[in-house]
Amino acid sequence: MPGTSPAPTSRPRTSFGAAPSPAPPERPTGGGDRCQASRSGRVARVENLTLLPAVDIKDGQAVQLVQGVAGTEKTFGDPLQAAQRWIDAGAEWIHMVDLNAAFGDGDNADLIAALAEQLRGRVKLELSGGIRDDATLDRALATGCARVNIGTAALESPQWCAEIIGSHGEQIAIGLDVRGDRLAARGWTREGGDLLETLAALNEAGCQRYVVTDVASDGMLTGPNLELLGRVCARTDAKVIASGGISSLEDIRRLAGLVPIGVEGAIIGTALYVGNFTLPEALAVANRDDVDSDQSGLPL
């Protein structure tokens, strides 16, 4: 299991119910440590967009849901075969979700532990779904995964989240599942708190990475919510992973245009499974040496 980072000392832990701190200033539109403008007006990216193919597991099978709604799933068979397919196509990361645990309907913990063992050393795993306390966190980290994604607990157990952010550092990502300006919890079946208030408190707790999902676009193949991603990036110095709605290579190109403002990666699910494009094609777009400053559709 990767080593843990020491607790941050520069940011106090806070209750997520406290009044939010003032938002940090928006990131500069040129220069900085993520991008530099060339004479042609193009922005050279210091980092490429990381792609994380999704392997969502329900009742032992790889599935894809529509807007996270139980009963809407399309089944794609053995999750190991799904993961192997993406690894063979060049994936360096897999985003693996235990949907049963997320919905509070049992879990696939033993299966995921076995999958992690078989995939060890071949791909980095980001695990998500039902990680809400010390027991479920320890079980997830014991698989040797590179990172876990915490969703509901960020809303229901803010002090615990602040503690694990402090003790595990880069191994903890916080999932912000968003409907409009509100967060969704418990497998997206309940409304959570205000997005920006929660984000401000998590920033104070020292969160280093957010997985931002637009619930309305998840599984819909309607394109990512670039405006939502821009709002989040403008209010945090943490890294951001985009999730939900990716349908085309153009969507990936636009997300790559957000790397200079803080978007580090993108989770891709349905579009890969139904064959809208191949993973090698997507990686080729994500790994371009540069992107036009207007590729994202947002000012950078």
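The second largest cavity of this predicted model is lined by G151, A154, L155, G175, L176, D177, L183, A184 and T198. A cavity here is a set of points, on a 1 Å grid over the protein atoms alone, where a 1.4 Å probe fits but cannot get out, and lining residues have an atom within 4 Å of a point. The second largest cavity holds about 50 Å³ of space, a volume being the space filled by probe spheres set on the points, which are joined across faces, edges and corners. Strand β9 gives the largest share of its lining, 3 residues; α5 (153–156), β9 (172–179) and β10 (182–185) each supply at least two. Helices (H or I, at least four residues) and strands (E, at least two) are DSSP runs, numbered from the N terminus. By class, this lining has 5 nonpolar, 3 polar and 1 charged residues, where Ala, Val, Leu, Ile, Met, Phe, Trp, Tyr, Cys and Pro count as nonpolar, Asp, Glu, Lys and Arg as charged, and the others, Gly among them, as polar. In the whole structure, 3 cavities of 30 Å³ or more are found.

Residues are numbered from 1 along each chain as its sequence is written. Local features need pLDDT of at least 70 and side-chain atom pairs count only at pLDDT 80 or more, while totals for chains, interfaces and linings use all residues; side-chain values use heavy atoms, with hydrogens and water left out.

L176 also belongs to the residues with the most contacts inside the largest nonpolar core, along with L49, M96, I150, I174 and I252; this core has 72 residues. Such a core is a set of buried Ala, Val, Leu, Ile, Met, Phe, Trp, Tyr and Cys residues joined through side-chain atoms within 4.5 Å, buried meaning under 20% relative accessible area with a 1.4 Å probe, protein chains only. A second, separate core of 7 residues includes L52, V211, I241 and I267. Of the 300 residues of the chain, 53% count as buried.

The second largest pocket has about 310 Å³ of space. A pocket is an open set with protein on both sides within 12 Å along at least five of seven lines. Of its 18 lining residues, T50, L51, E92, W93 and K124 are the closest to its centre.

The chain averages a pLDDT (the predictor's confidence in each residue, from 0 to 100) of 82. Over residues 1–46, pLDDT stays under 50, as it does over residues 289–295. Where pLDDT is low, the predicted coordinates should not be read in detail.

Definitions and conventions: Buried < 20%, exposed > 50% of the residue type's maximum accessible area, 1.4 Å probe, protein only. Contact = heavy atoms within 4.5 Å.
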